[in-house]
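Thanks for coming, everyone. Please have a look at the model on the screen, and then I will walk you through a few parts of it.

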Amino acid sequence: GALQLVACVITCVGYGVVNSPLRASRMWYAASGNTIAQTLAQAKSAPLGRSLILRLTLASRLPLYMLSDQQLGIYVSFVVAATLGLTLSPFWFALHLLDLVNKSADLKNVFKAVTLNGRSIVMTALFGLILIYLYAIVGYVFVRDSIVLDNYPDENIPMCTNLAVCLVSAINEGLRGSDIGTIMDPVGADEPLRFFFNFLFQFTFWISVITILLNVIFGIIIDTFGELRADHAFKKNHMENTCFICGIDRFTLDTKGAGFDRHIKEDHYMWSYLFLCVYLEEKDHTMYNGWEQYVAAKIEAEDMSFIPRNTAIVLREMQDREEAENRNVSNRVVTMAEDLRRLSATVVQNSKRAEQLLQGVVEALESQTSALETTGVLEIDDGRSSVASYRV
């Protein structure tokens with residue numbers, strides 16, 4: 001028990017020392033627009049009255065900001081439980097088992113599923129309570145003598161002696177037992193009026209309260225849990241497959257760059273950017289070089305445009321190579337087009353020459369044909385090896 005108390009104290013103090021000042025500083029900046037150091041500087045240079053107001057405001061709000069940390073409140077409650085476990089009863093140490101919820105993200109999502117849409121759940125439950133109250137009024141007015149709890153072999157216990165008891169009985173037995181008929185005496189068909197009244201009373205209660213309202217509440221919780229799980233999966237996928245600095249996805253860097261893992265560890269290592277901000281904060285402003293002064297001015301103005309967005313050097317190199325390849329392909333296409341143009345001109349020129357030659361051959365053939373049509377030459381063998389020719 002003593003070791004448990006010591007461990008709780010160390011955890012609480014360590015968490016408070018590390019996180020509470022940061023929380024108080026952030027909340028003070030959100031409330032006043034100035035850091036704590038700037039506020040103290042203003043109080044130092046301000047008149048006495050103004051300085052006193054600033055210091056008192058700062059001194060009163062900072063502890064409230066620190067104590068408003070829910071996680072710190074949990075650790076303080078564990079210290080209190082350990083103290084009570086040592087002084088009063090060791091059963092108080094059982095409360096430390098609830099730290100499992102604090103350590104498990106899945107259990108936190110389960111509680112968020114109930115609390116995130118808490119207003120809808122509360123309003124639906126309130127409507128259900130009103131509906132049960134109306135049923136309690138009807139039961140108290142018409143069948144209060146029939147609303148009893150079977151206590152065989154002893155006498156039955158009346159469950160609707162007044163309206164408040166009737167309401168509590170309807171809530172307890174009606175919801176927990178899922179049937180308000182469990183606390184009503186059965187009625188036979190020989191009493192048709194009471195028989196049908198009890199049937200409608202019990203059946204409508206089961207439909208409206210048990211089947212509809214409870215399932216509406218369960219549906220809200222289940223839908224919220226599904227939304228939280230989908231949101232968690234989306235965030236996890238985004239963190240694992242998107243560069244935190246430039247926002248380029250894994251597929252683009254794997255296909256067009258040097259690889260996603262290498263990119264986030266060498267090119268855009270996010271802790272290097274954090275180190276740069278801390279380095280510029282700690283360095284003497286008069287010792288800045290050109291780019292350090294530029295980045296410091298951007299940080300001072302809360303302008304993050306110096307961080308690359310949707311771009312990276314490795315992609316620009318790839319783009320340059322692709323552009324060079326595209327230019328080479330374009331040049332080759334232009335060269336091929338020029339060659340085709342010259343070849344086409346040559347073919348046209350040769351075709352003209354061939355046409356001229358063919359035209360000359362045709363003209364020669366036509367002239368010879370016309371000559372043959374007017375002049376004929378015959379060779380006749382008359383048996384004496386002599387040749388006679390005649391002109392037609």
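**Helix 13 and its surroundings**

Let's begin where helix 13 starts. There, a side-chain oxygen of asparagine 289 comes within 3.5 Å of the backbone nitrogen of tryptophan 291. Helices here are DSSP runs of H or I, at least four residues long, and they are numbered from the N terminus.

A word on the source. This is a predicted model, where local features need pLDDT of at least 70, side-chain atom pairs count only at pLDDT 80 or more, and totals for chains, interfaces and linings use all residues. Residues are numbered from 1 along each chain as its sequence is written, and side-chain values use heavy atoms, with hydrogens and water left out.

Back to the helix, residues 290-300. Which of its residues are buried? They are Glu292, Val295, Ala296 and Lys298. Seen down the axis of helix 13, these buried residues fall within an arc of 160°, so they line one face of the helix. That arc is taken from the directions from the helix axis to the C-beta atoms. Buried means under 20% relative accessible area, exposed means over 50%, and partly exposed is in between, using a 1.4 Å probe and protein chains only.

On the other side of helix 13, Gly290, Gln293 and Glu300 are exposed. What covers the buried residues? The cover includes helix 12, residues 270-282.

Take glutamate 292, in helix 13. It is buried, at 4% relative accessible area. Set aside its neighbours within four places in sequence, and glutamate 292 is in contact (heavy atoms within 4.5 Å) with Tyr279, Leu280, Lys283 and Met287.

Now lysine 298. It counts as buried at 19% relative accessibility. Its side chain meets that of aspartate 303 in a salt bridge, 3.0 Å from N to O. By salt bridge I mean a side-chain nitrogen of Lys or Arg within 4 Å of a carboxyl oxygen of Asp or Glu. Aspartate 303 is partly exposed, at 28%.

**After the helix**

Glutamate 302 follows helix 13. It lies in the loop between helix 13 and helix 14, residues 313-374. Glutamate 302 is exposed, with a relative accessible area of 60%.

Asparagine 310 is in the loop between helix 13 and helix 14. Its phi is near 60°, a positive value in a residue other than glycine. Asparagine 310 counts as exposed, at 61% relative accessibility.

**Other salt bridges**

How many salt bridges does a search of the whole structure find? Eleven. One of them joins aspartate 99 and lysine 103, with the closest N and O atoms 2.7 Å apart. Both lie in helix 5, residues 99-103, four residues apart, about one turn of the helix. Aspartate 99 is buried, at 18%. Lysine 103 is exposed, at 56%.

Arginine 262 and aspartate 267 also meet through their side chains, at 3.2 Å, N to O. Arginine 262 is partly exposed, at 37%, and aspartate 267 is partly exposed, at 32%.

There is a network too: salt bridges link Glu338, Asp339, Arg341 and Arg342.

I'll stop there. Questions, please.

Terms used: Helix = DSSP H or I, 4+ residues; strand = E, 2+ residues; numbered from the N terminus. Polar contact = N/O pair within 3.5 Å; in protein donor to acceptor, adjacent residues only side chain to side chain.
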